[in-house]
Amino acid sequence: MFVKFLLALLHRNAAADLAAFKLTAVRMLVQPAVYLFVFGYVVGGMLPAQGGGYARIMAPGIVAISVVTGPFVTIGGGVISGYYFRTMEEWLLAPVPLRTLLAALVFNGLCYGLAGGTVVAALVWAILGLAPQNVGYMVLTATAGALLFSLFTLVVLLVPETPDKGQEVFSFLMMPMTFFGCTFYSYDMLGAPFNYLALLLPTTYIAEGLRAAYSPDSPHMEAGTVLAGLSLAAAVLIPLADWAFRRRFRDFTW
């Protein structure tokens, strides 16, 4: 029952994306391709940096952005549309416990985050000619990032009174996470006090882990630091997401 429910929800989201194929293609292909071409190919050719050029520093960060935004698109889209169009009740009528529904949503976010990261990694190779040197470390970091932001999306959407307010909070939080989270530059490029701020953002550890997987010789965080940051984020988000989800849906009032 558990596996069937996971696959059914994944199939439902995939069918919805295929129905809006043009929008999905723009989100997954065109936007990251523009980032990679402008910042990696054009700007990167003018701004050489340690470790083989700015493209090697920036490209893993674009992969990280795709990994963390994928969960919001699928989970956030489902929660927000469920709130506006009253389809949330269909989830709650399923003959499964709330934690099974929570696991299914997180699994969907994880799959979409990895799918988005895979597409952008292919674009990085096609546009910039860069491939990860440590595929295992890349998969591990991307999986952790997609999992964390699946949980983070649920927390941000479900803790406020309604998901539309949570959507505003998410947009507000993603700006510093994107631009201060070491996506367009490496952690060693930051000076005080911004380097301390970056340590508080999970995107820093995701981007630095992917940077290490792509270019081990380029500046990046040590694997132990990346693992510690991701583990601490998981220790906070897992119980928080579980509490927020069961609190919101145990007595459904939207």
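In this predicted model, buried residues account for 49% of the 254 residues in the protein. The protein has 10 helices and zero strands, and its pattern along the sequence reads α-α-α-α-α-α-α-α-α-α. Of the contacts between residues at least 6 apart in sequence, 77% join residues at least 24 apart.

Two packed helices are described by the angle between their axes and the distance between the axes. For helix H3 (residues 54–84) and helix H5 (residues 98–128), the axes come within 7 Å and cross at roughly 150°. Because angles over 145 degrees count as roughly antiparallel, H3 and H5 are described as roughly antiparallel to each other, and H3 passes H5 in a right-handed crossing.

The residues that meet in this pair include, on the H3 side, Ala 55, Met 58, Ile 62, Ser 66, Gly 70 and Pro 71, and, on the H5 side, Leu 105, Asn 108, Tyr 112, Gly 116, Val 120 and Leu 128. By class, the contact of H3 with H5 has 15 nonpolar and eight polar residues, with no charged residues.

As for the cysteines, a search of the whole structure finds zero disulfides. The table gives the accessibility of two cysteines.

| Residue | Relative accessible area | Class |
|---|---|---|
| Cys 111 | 24% | partly exposed |
| Cys 182 | 0% | buried |

Cys 182 is thus buried, with a relative accessible area of 0%, whereas Cys 111 is partly exposed, with a relative accessible area of 24%.

Terms used
Residues numbered from 1 in each chain as written. Predicted model: local features only at pLDDT ≥ 70, side-chain atom pairs only at ≥ 80, totals over all residues. Heavy atoms only, no water. Axes fitted to C-alpha atoms, helices over the stretch in contact; angles between N-to-C directions. Helix = DSSP H or I, 4+ residues; strand = E, 2+ residues; numbered from the N terminus. Parallel < 35°, antiparallel > 145°, perpendicular 65-115°, else oblique. Left-handed = near helix turned anticlockwise from the far one by under 90°. Contact = heavy atoms within 4.5 Å. Nonpolar A, V, L, I, M, F, W, Y, C, P; charged D, E, K, R; others polar. Disulfide = S-S within 2.5 Å. Buried < 20%, exposed > 50% of the residue type's maximum accessible area, 1.4 Å probe, protein only.
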